Amino acid sequence: LLSENQIAQNFLDLVGEATVSELASIEEALGRLVKKEVIPPDVFSILWTMASQAEGQLRASAMLVLSMAASADPKIVDSAYRLQNLFDAGLGDYTEEHRDWQTARSASCALQRVARAKVDPSSAKYIILDLINERLVAVARGDWCDDTEEDTNAWFCAAEQAINAIFTISPAPEKVSMEILLGHQQCIFGDGSKESHSLRLSRFFFVLGHIALKLLIYTEILSSAVRRANAAKTVKKQESASSGNENKSADDGTTKAGGSDEEDDAIEAELGIAAQAEAETERKVAEISENEIVGRGMISLFTPMLLRVVANEDDAYCSPVLMQSATLALCKCMCISKTFSEKHLPLLFSVLSKAPNEDQDLRANIIIALGDLAFRFPNEVEPYTP
């Protein structure tokens, strides 16, 4: 049998050389090994040590392996002690000093395995998660990011996972999202200049689009929670009514037909009210996704600027990174609202037709987005199909 050190090193070598598609397969295999308790616990202790003490790629790989294992066993990261380790190793001074976006990304992935903490200032877990939230906001705002294309390209993946982590662990992710957007706005326009750095604008649009999409998902999660709560409440009332009928029958020896009919009518009325409440919840969710997120919310304040950059009239914006980021943000916003999508589909097809042949990333993003839009809003996309 291999020693614990050798097992840990094998995992690091495997993850360090893997492609994105291979990482998904490795995570699935690692998860099954964790569930079967095949991996000795000391292996994870070694990985935590390496995540805290190693540098560069090795540090990020150790954190990523821990994240993968936590998908099968959240206890690997979900405790106040381990969260403190994760904060220090993945989002602490080392990560900020070296702008180690790979480690920040891996730490953010690990945080997505953590259960949302209840607001309790006396809880150690809540306190450390609050500190982690602050660091995630700093990552998403690009506070440590240099205005170089290389650093910005590395930052994109870290920012995406940081926002995902915020929507997983924060008690109020919509408020944190507003803080991130305002931070970007201040960075871009705070000095009163009429011109802004293209890479700062790229980072802002990337965050804008991803937050919009996560708000839609968060809204649907809350809607599902409300439906489950209403269903559980209805079931509980039905059980109480049934239990009351049984007790009454036992006491009286018989069940009066008239009384039974009245109780059945009451249950049916209750079910009707529950169905009506569920329909109302779905209507409100549809209203939020259709009109609030990109229609009347804070994100809507920035969509005119986004549309202007994407349209790029007179070729005013020549940065490929900016065009890719802005177009991706527009695609994400279009996936949220049917009205917004229908209104701006002509612009998206125009950008696709004018996209340079050498800019494969831009063309690929638009094609993938059109597939998503055809699935979500088929009637709106159908007129553009041959």
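Analyst: Leaving aside residues up to four places away in sequence, Ser 67 is in contact with Ser 106, Cys 109, Ala 110 and Arg 113. The model is a predicted one, and the values that follow should be read accordingly. Ser 67 itself belongs to helix α4, which covers residues 57-70. Its relative accessible area is 1%. Since buried residues are those under 20%, Ser 67 is classed as buried.

The account now turns to the charged side chains. By the rule applied here, the model contains 13 salt bridges. One of them joins Asp 146 to Arg 99, with an N to O distance of 2.9 Å. This pair connects distant parts of the chain, the two residues being 47 residues apart. Asp 146 lies in the loop between α8 (124-141) and α9 (149-169), while Arg 99 lies in the loop between α6 (93-98) and α7 (101-111). Partly exposed residues fall between the buried limit of 20% and the exposed limit of 50%. Asp 146 has a relative accessible area of 31% and is therefore partly exposed. Arg 99, with a relative accessible area of 30%, is likewise partly exposed. The pair also forms part of a network of salt bridges that links Arg 99, Asp 146 and Asp 151.

Arg 141 has charged partners of its own. Its side chain forms a salt bridge with Asp 143, and the closest N and O atoms of this pair are 2.7 Å apart. Arg 141 also meets the side chain of Glu 179 in a salt bridge, here with an N to O distance of 3.6 Å. The pairing of Glu 179 with Arg 141 again links distant parts of the chain, 38 residues apart: Glu 179 is in helix α10 (residues 173-189), and Arg 141 is in helix α8.

Arg 141 is partly exposed, as its relative accessible area is 23%. Asp 143 counts as partly exposed at 43% relative accessibility, and Glu 179 is partly exposed at 42%.

In summary, Ser 67 is buried, whereas Arg 99 is partly exposed and Arg 141 is partly exposed. Of these two arginines, Arg 99 takes part in the network with Asp 146 and Asp 151, and Arg 141 pairs with Asp 143 and with Glu 179.

Conventions. Residues are numbered from 1 along each chain as its sequence is written. This is a predicted model: local features need pLDDT of at least 70, side-chain atom pairs count only at pLDDT 80 or more; totals for chains, interfaces and linings use all residues. Side-chain values use heavy atoms; hydrogens and water are left out. Helices (H or I, at least four residues) and strands (E, at least two) are DSSP runs, numbered from the N terminus. Buried means under 20% relative accessible area, exposed over 50%, partly exposed in between (1.4 Å probe, protein chains only). Contact means heavy atoms within 4.5 Å. A salt bridge is a side-chain nitrogen of Lys or Arg within 4 Å of a carboxyl oxygen of Asp or Glu.
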